[in-house]
Amino acid sequence: NQALPEGSMLQKYRILRVLAAGGFSFVYLAHDQNEQPVAIKEYLPSTLALRVNGAAPQVPEQHLALFRVGMKCFFEEAGTLARVSHPNVMRVLDIFRANETVYLVMRYERGRALNEHIRSLTGPISELWMRNTFAQLLDGLREVHKAKLLHLDIKPANVYLRNDGTPLLIDFGAARQVLSAEGMAPPPLCT
């Protein structure tokens, strides 16, 4: 799949560059109309859709139903997350449809993933740091559960450490879970 080109406009957001790319989505650094940085996640599973030289992905007829179910889950998960306001849960600012897919706009945070942090360490992780970090994450997870949402992909790559050291839960994975379980009923959130 090809990412949207730098300078592309998505509603009121201008794409600056790709922050991350995977088999399920692209994440872009963008600026809003006030030149504030945001991160935009684009639903674009490469096993179902292909974008080449254009803004709208092409979805073969045999994958269209599954693509749409995954897109619905992505959209509904983003809508639920938009109602969660907690310092340790990614902050959803906007959700919209464009280019035959869905986009999730998040507050842009500077930092790195927990797995990158662990790899960069030269010594052991202190117990105090672990207790403090995971207490904050569990507090955020409690708020997510209160909103009737589950984080379906907790792993070090989906825990982001801001530059100030505070942790952030990202990439909740509802749509990915549906797509990886092809043929199975979607979770209740997506029905």
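Gln11 is found in the loop between strand 1 (9-10) and strand 2, in what is a predicted model. Although Gln11 is not a glycine, it has a positive phi of about 50 degrees. With a relative accessible area of 51%, Gln11 counts as exposed, because the cut-off for that class is over 50%.

A positive phi is also found at Lys148, where the value is near 65 degrees in a residue other than glycine. Lys148 is placed in the loop between helix 3 and strand 8 (159-162), and its relative accessible area of 72% makes it exposed.

## Salt bridges

The structure holds nine salt bridges, among them the one between Lys41 and Asp171, whose closest N and O atoms are 2.6 Å apart. This pair links distant parts of the chain, since Lys41 belongs to strand 4 while Asp171 sits in the loop between strand 9 (167-169) and helix 4 (174-180), 130 residues apart. Lys41 counts as buried at 8% relative accessibility, and Asp171 is likewise buried, with a relative accessible area of 17%.

Lys72 is partly exposed at 33% relative accessibility, and Glu76 is partly exposed with a relative accessible area of 22%. In a further pair, the side chains of Lys155 and Asp153 meet at 3.6 Å, N to O; here Lys155 counts as partly exposed at 38% relative accessibility, whereas Asp153 counts as buried at 13%.

## The largest pocket

The largest pocket has a volume of about 690 Å³ and is lined by 28 residues, of which Ala20, Val27, Ala157, Tyr160 and Ile170 lie nearest its centre. Several strands contribute to this lining, with strand 2 (13-21), strand 3 (25-31), strand 4 (37-43), strand 6 (101-107) and strand 7 (111-113) each supplying at least two residues. Sorted by class, the lining comprises 14 nonpolar, four polar and 10 charged residues.

## A nonpolar surface patch

Ile118, Leu121, Ile125, Met130 and Phe134 make a nonpolar surface patch of about 360 Å². Within this group, Ile125 is found in the loop between helix 2 (114-120) and helix 3 (127-146).

Conventions. Residues numbered from 1 in each chain as written. Predicted model: local features only at pLDDT ≥ 70, side-chain atom pairs only at ≥ 80, totals over all residues. Heavy atoms only, no water. 1 Å grid on protein atoms, 1.4 Å probe; cavity = no way out; pocket = protein on both sides within 12 Å on 5 of 7 lines; lining within 4 Å. Points joined across faces, edges and corners; volume = space filled by probe spheres on them. Helix = DSSP H or I, 4+ residues; strand = E, 2+ residues; numbered from the N terminus. Nonpolar A, V, L, I, M, F, W, Y, C, P; charged D, E, K, R; others polar. Patch = residues over 30% accessible without salt bridge, like charges linked within 9 Å, V, L, I, M, F, W, Y side chains within 5 Å. Areas by Shrake-Rupley, 256 points an atom, 1.4 Å probe, with all protein chains shown as cover. Salt bridge = Lys/Arg side-chain N within 4 Å of Asp/Glu carboxyl O. Buried < 20%, exposed > 50% of the residue type's maximum accessible area, 1.4 Å probe, protein only.
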